[in-house]
Amino acid sequence: MVVAGIFLLIRFSPLINQNQPAATACLCLGAITTLFAALCALSQTDIKKIVAYSTSSQLGLMIVTIGLNQPQLAFLHISTHAFFKAILFLCSGSIIHNLNDGQDIRSMGGLHKTLPSTTSCLTIGSIALTGIPFLSGFYSKDVIIESINMSYTNSWALITTLLATIFTAIYSLRIIKFVSLGQPRHQPLPHINENNTPLTNSLKRLA
């Protein structure tokens, strides 16, 4: 349901692209959305809110792509985004459950020792979100950014979208640093484990 509006815009893209003001509105609103949501994700310390704002930022990027008259790229990004964002939400839920509903990334750390599979999948999902080569995010985000750079669009939308992409990389690396690396900053919990086989198998398949 999150991407239902984007899918509707993709279906209406032939009409949008025949109307230049509508295409410009999509481009500018998408650029504003992706930058604002990325800034919100940077300012959050709740792991669920970071992933949720990240989703909003990627939706803005899809709207930018529709404004560039590239609906097929927007649909490709919907498809690739579904996989790495599913990993991020599942990993976040698993970590929150193991930390007795603790959601603040400042009170995590060192989980690569106690939850190796979960943190490995979290790392894969985060670097896929940044568009690291040969992961799923690379095959859609890189083409979108290349299309923006090669198109005759206004420089304001271009700079805004590129800034949002940089912020995406920053908050993704921030999640990895605060959750997986360093020393544990949470209270000792005896039941931290990965004995939930269905969840672990799902994460491995998505990774």
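**Aromatic pairs**

In this predicted model, three aromatic pairs are counted, where the rings of Phe, Tyr and Trp (its six-membered ring) pair if their centres lie within 6.5 Å. A pair of aromatic rings is described by the distance of the centres and the angle of the planes. Planes under 30 degrees apart count as stacked, over 60 as edge-to-face and the rest as tilted.

F7 and F75 form a tilted pair, with 6.2 Å from centre to centre and 50° between the planes. F7 belongs to helix α1 (residues 4-11) and F75 to helix α5 (residues 71-98), so this pair ties together parts that are 68 residues apart in sequence. Helices are DSSP runs (H or I, at least four residues), numbered from the N terminus. F7 is partly exposed at a relative accessible area of 36%, and F75 is partly exposed at 41%; buried means under 20% relative accessible area, exposed over 50%, and partly exposed in between (1.4 Å probe, protein chains only).

The ring centres of F138 and Y139 lie 5.3 Å apart and their planes meet at 75°, so this pair is edge-to-face. Y139 is partly exposed, with 44% relative accessibility. F134, F138 and Y139 make up one aromatic cluster.

**Charges over F178**

The ring of F178 has the charged end of R174 over it, 5.7 Å from its centre. The charged end of K177 also sits over the ring of F178, at 4.9 Å from its centre. A charge sits over a ring if NZ of Lys or CZ of Arg is within 6 Å of the ring centre and within 35 degrees of the ring normal.

**Surroundings of W156**

W156 is part of helix α9 (residues 155-179) and is partly exposed at 43% relative accessibility. Leaving aside neighbours within four places in sequence, W156 is in contact (heavy atoms within 4.5 Å) with C28, A31 and I32.

**Packing of α5 and α8**

α5 packs with helix α8 (residues 136-150) at an angle of about 145°, with the axes 8 Å apart. Axes are lines fitted to C-alpha atoms, for helices over the stretch in contact, and angles run from 0 to 180 degrees between N-to-C directions.

On the α5 side, L73, L76, H77, T80 and F84 meet residues of α8, among them Y139, V143 and I144.

**Basis of the values**

Residues are numbered from 1 along each chain as its sequence is written, and side-chain values use heavy atoms, with hydrogens and water left out. Because this is a predicted model, local features need pLDDT of at least 70 and side-chain atom pairs count only at pLDDT 80 or more, while totals for chains, interfaces and linings use all residues.

Terms used
Helices (H or I, at least four residues) and strands (E, at least two) are DSSP runs, numbered from the N terminus.
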